[in-house]
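Student: Hello! Could you help me take a close look at one part of a protein chain and then connect that part to its surroundings?

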Amino acid sequence: MIDNLTEAVRCYNAYRKLGIDVTVLTCLVPSLFNQTVKHFAEVQQVTVMTTSDKKAKVITPLKGMNVEAIICDHTLIYEALEFGAVYDNLIADAEIINLQALGKPKPKPIIQTLPAVKTLTKGMLPDSLQRYVDNNAERLSTSTEYVAIPLVTSLASALGTKVSIFPKLKDDWEVVPNLWGAIIGNPSTKKSPALDAGMKPLRNLTYKAKAEYEQAQKDFAAQKEINEYKTKAVKSELQKLAKDQAQQANDAENKITDDDLKAKAQSITEANQADEHMPVMKRYIANDSTYQKLGELLSQTNNGLLVERDELIGLLASLNGESNGEAKEFYLMAYNGTGGHVMDRVMRGSIFIEHHCLSVIGGIQPNKLEKYLERTIKGLDNDGFIQRFQLAVYPDHIKGVKEKDIAPNKEIRQIVYDLFETINNMNDWDLINYGANEPDEHHKRPYYHFTDEAFHVFMNWYDDVKAKAEECEHSVISEHMTKYPKTIASLALIFHLVDCIEHQANLGSVGMTALNAALAWHSMLETHMMRIYGIVTDSANIKASYLADKIMRMVKRGADKTDKTDWIEHGFTARQLIRKSWKGLTDADDVLNALEVLVEHDWLSWRVVPSTGKGGRPTELYFINPRVAELI
C-alpha cells in the first residue's frame, strides 16, 4: 500500500523485474490512507513501507491491524532495487514489524500439567516387600507404584477376614484389611507386566492350591471306589442282620437289636455323604466372573477373594446402569468385608456367604477413566463406587529409560512367597501368638487395637482428614477422602503383621512404626487422588494445552497445507477443528471448552462473521494471536 500513484508504479515494476508477484494498492487521498489500509487488512495482510524517520507515523494509527510494516533506514526497498541492490540483503537489513501483534496481548501460559504426585519412598513398606518392589520395578523400567499397589492389595486379600483392627479403643468400628487398588497409565507404561509382578506371590498360592486340588481329586476318586465296595459289604451285613433279627427267638442269648441295624445303616449313610463332598479347589483370585458366580466362590471360602481385571474399565462399565444395580450392590457391600450375605435364587436356591469380602485390583488407561469420571463428577453415577479404589495411583511416566536385562532376585522373591504362605496358613492361635486379641462373643475373629500413642496420632489425623474433606469443592473428592480412615487402618494392620512375621515376634498392638508407614501412604495416595480426579476437573485446561501445542506447530510451519483454508490468515471454526480428529479433541464439548480457555488466555480471539446476502447463519470464527510466534 503506497500513498502516491507514481511511487506505486515504481514499486510494482521493481518487484516484477525480480519476478516477485505483488499487488500494489494506492490511495490518492492522503486523509483516507489509513482507512483504506484497514479495509483491505480485514481480508488480507497489507504491507506498508516507510523509512525510520516516519516509523511512528505508520505504526501508531495502524497498530492492531493485519499489517506488516517494513522499516528501512533511509531509502525504500523498491528505490534501492532500481539501483541494482540485492533484495535479500535489503530485507535482512530492514526492520519488519507485525502491527497486528503489537495490538494483541501476549498469550498467557496455560497450566497444562496434572498435579504433581509423590512417589513410594524408603520406610513406606516393610523391608522384604520394598526389596521385592524395587527389584521388579527396576527390571521392568517402570514406576515402583505400579508393582507396589498390586502387591499390597494381594497381601490384603491373603489376610482377608482372618484378622481385623478396631481403630478406636471403645467403639465397635471394625476394619477388615481388604483393599481396592488401581494402576493408571497409558499402554506404554508397562502396567500389565507390573500388575503381574505384584500378583505373583498370590498366584503362587493359586498354583499350589491347584496341585493340592488335583491330588485331592485322585484321593477322592480312590476313596469313592473303596466306599462303594464297603457299602456293598455293609449292605450285605445289614441284610443278614435284619434277616437274623426277624428269625431270632425271643429268648436268644445275643439278641440283635434295632440299634445294631441302625449302626450298620449309619455307616452306609456316612459313606454316601462322603461321596457327595467332592473336593473344592481353594480360590484366591477371580477374573471375569459374574456376581452370582462370585457369590458361589465366596460361599466356599472363609477368607474372601481378590477380583483381578487387567482392564478395570470393563468391570466399571459392566456395573453401570439400572439393570446392573444388583451386581454393583454386591460389590459395594463386599468392600467393608465384615458382614455376611445371602443370595436367594429360584433355580439355585439360597447361597450363604459367611464372609462377604472382596479386594479388587486392575489397570486402566487415563482416557478411558476420564469418560467414566465425567459422569461421576457431574453426579450422574456417583454411588461411591470409584471412591472405594483407595489404592489408586497415576505416577509420572518414566521416559527415555533403556530396556534392561536383569535377573529376578530369587532370594527376595522366595522370602515374599514364604510370607504369603505364612499368612495363608495362619489360624487364630498363630495370630494370637503375634499379639492379636482372642475372639469372643463380641469379636468373631482375632483383632488388634492401636497402642495408646498410635491411637492418639490416628485420631488427630482422622479429624484433620474430616476437616479437609468438608472444605473440598467437589463432593466426589470429599467422599473419597472420608474413606481414607479404613484404608490407613488396614495398611497399618498389614504392615504390623508383616513386621511380626519377619521378626518372628509378638510385637503387641499396632504401633507407631506401622502407623507412620500407613500415614506416609496416605500422603502419597492423596496426591495421586488429586491427579486422577484432575483428569476431569482440569479437563478444559488439559484439552486447551493440546490445542495450544497444535497451534504453535501450525504457526511454526506456516499455513496448514492439509486444509483448504489458511487458519493463520483467515481463522477457523470449531467444526473445522473437530473434523481434524486430533487426540483429545474429538468431542464437541471438549473442543468448545478448550477454545474458551485459549480465548481467555489470549491465544485466540473470537469473532462472529455475518452471513452473506444469500442467507444462512453467522459464522463464529477463531483467530490465532500473531504473538503466539513469540512463544516458539
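Student: What relative accessible area does Lys190 have, and is Lys190 buried, partly exposed or exposed?

Tutor: Happy to! Lys190 counts as partly exposed because its relative accessible area is 21% (buried is under 20%, exposed is over 50% and partly exposed is in between, with a 1.4 Å probe and protein chains only). Before we go on, please keep in mind that this model is predicted: local features need pLDDT of at least 70 and side-chain atom pairs pLDDT 80 or more, while totals for chains, interfaces and linings use all residues. Residues are numbered from 1 along each chain as its sequence is written, and side-chain values use heavy atoms, leaving out hydrogens and water.

Now find Lys190 in the loop between S5 and helix H9 (191-247). (Helices are DSSP runs of H or I with at least four residues, strands are E runs with at least two, and both are numbered from the N terminus.) The backbone deserves a look here: Lys190 is not a glycine, yet its phi is positive, about 65°.

Ser141 gives you another example of this. Its phi is near 55°, again a positive value in a residue other than glycine. Ser141 belongs to the loop between H7 and helix H8 (144-159). With a relative accessibility of 14%, Ser141 counts as buried.

Next, go back to strand S5 (180-184), because the loop between strand S4 (164-165) and S5 is where Glu174 lies. Glu174 pairs with Arg445 in a salt bridge, and their closest N and O atoms are 2.8 Å apart (the term means a side-chain nitrogen of Lys or Arg within 4 Å of a carboxyl oxygen of Asp or Glu). Arg445 sits in the loop between helix H16 (428-433) and strand S12 (447-448), so this pair ties together parts that are 271 residues apart in sequence.

The structure holds 19 salt bridges, so let us visit a few others. Asp602 and Lys108 meet through their side chains at 2.7 Å, N to O. This pair links distant parts of the chain, 494 residues apart: Asp602 is in the loop between helix H24 (588-600) and strand S13 (604-609), and Lys108 is in the loop between helix H6 (99-102) and helix H7 (127-140). Lys108 counts as partly exposed, at 36% relative accessibility. Arg627 and Glu630 form another salt bridge, with 2.8 Å between the closest N and O atoms; Glu630 is partly exposed, with a relative accessible area of 43%. Salt bridges can also join up, as in the network that links Glu7, Arg10 and Glu82.

Finally, look at a pair described by its C-alpha distance. Gln414 and Tyr132 are 282 residues apart in sequence, but their C-alpha atoms are 9.7 Å apart in space. Gln414 is placed in helix H15 (residues 410-425), and this residue is partly exposed, with a relative accessible area of 41%.
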